[in-house]
Each structure stands twice: as C-alpha cells, then as structure tokens.
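Take your time with each exercise before you look at its solution.

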Amino acid sequence: MQSRTLRRKFVDGLLIGLRVVWPILSILLGLIATLGLVVGLLERWSVQESIYFAFVSGLTIGYGDLAPKSLLTRALAILIGVCGVLLTALVAAIAVKALTAATADDGEGS
C-alpha cells in the first residue's frame, strides 16, 4: 500500500474515532478548564494564568512557573493531571485503533 493511501486511511479512522468520543473529550477539556479556573480563583491568579496552568498541568508539562500553595488547590491540581492523562490516553487509543485499521487493510491484499 502506498504511504499516501495509508496516511489517508489513518486520518479517516482518526476523524471517525474522534467524532465518536467527542462528548467524552469535550467533558474532559471542560473539566480541566473549570478546575483550572477554580484553582486560579483560590490562588488569586488571572483567568489567563488559570487556563494556562490547567492545560500545562493537564498535559503533564508542568513548567513550574505557577504552583498552587494550599492543600485544596494542590489536590485540584492532581485532579487536573488525572483528567489530562485520561485525555491523552483517549486520543492515543483512537490513534492506535486508526493505525491498526489502516494497516489491517494493507495485510488483506497481500
């Protein structure tokens, strides 16, 4: 199978998978943003800093320029991290399924 055909089948499978799990993805994204805003409110950060903190923490990058101080906000930061890991795992699972489906079609013709 040509790489262009394989790439096209992978992208098609990825888009189909994302369409199926979009409600779950949107809930996770909304939860990360909401928890970030709560942490920011409690830590007296701006909205921009709060959203930035939430997604940097949720994607497990963690630059360390913003760090929660209280026990409650640290616990919420852990919850943001868990949501981020779930989000990443879900996208990775969709990508693996799309790649498996795209390469399975290649094996049938051989």
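Predicted model: local features only at pLDDT ≥ 70, side-chain atom pairs only at ≥ 80, totals over all residues.

Residues are numbered from 1 along each chain as its sequence is written, and side-chain values use heavy atoms, with hydrogens and water left out.

**Exercise 1.** Find out where H1 bends.

*Solution.* Start with the term: helices are DSSP runs of H or I with at least four residues, numbered from the N terminus. The expected span of a helix is 1.5 Å times one less than its number of residues. H1 has 41 residues, and a straight helix would reach 60 Å, but the end C-alpha atoms of H1 are only 50 Å apart. Next, look for a bend, the angle between axes fitted to the seven residues ending at a residue and the seven starting there. At valine 21, H1 bends by about 65°, and proline 23 follows within four residues.

**Exercise 2.** Compare the end-to-end reach of H2 with its expected span.

*Solution.* H2 covers residues 47-58, which is twelve residues. From first C-alpha to last, H2 reaches 16 Å, close to the 16 Å expected. After H2 comes threonine 60, with a positive phi near 55°.

**Exercise 3.** Describe the salt bridge between arginine 8 and aspartate 12.

*Solution.* First, the rule: a side-chain nitrogen of Lys or Arg lies within 4 Å of a carboxyl oxygen of Asp or Glu. By this rule the count is one. In the pair arginine 8 and aspartate 12, the closest N and O atoms are 3.4 Å apart. The two residues are four apart in helix H1, so about one helical turn separates them. Now check accessibility: buried means under 20% relative accessible area, exposed over 50%, and partly exposed in between (1.4 Å probe, protein chains only). Arginine 8 is exposed at 54%, whereas aspartate 12 is partly exposed at 30%.
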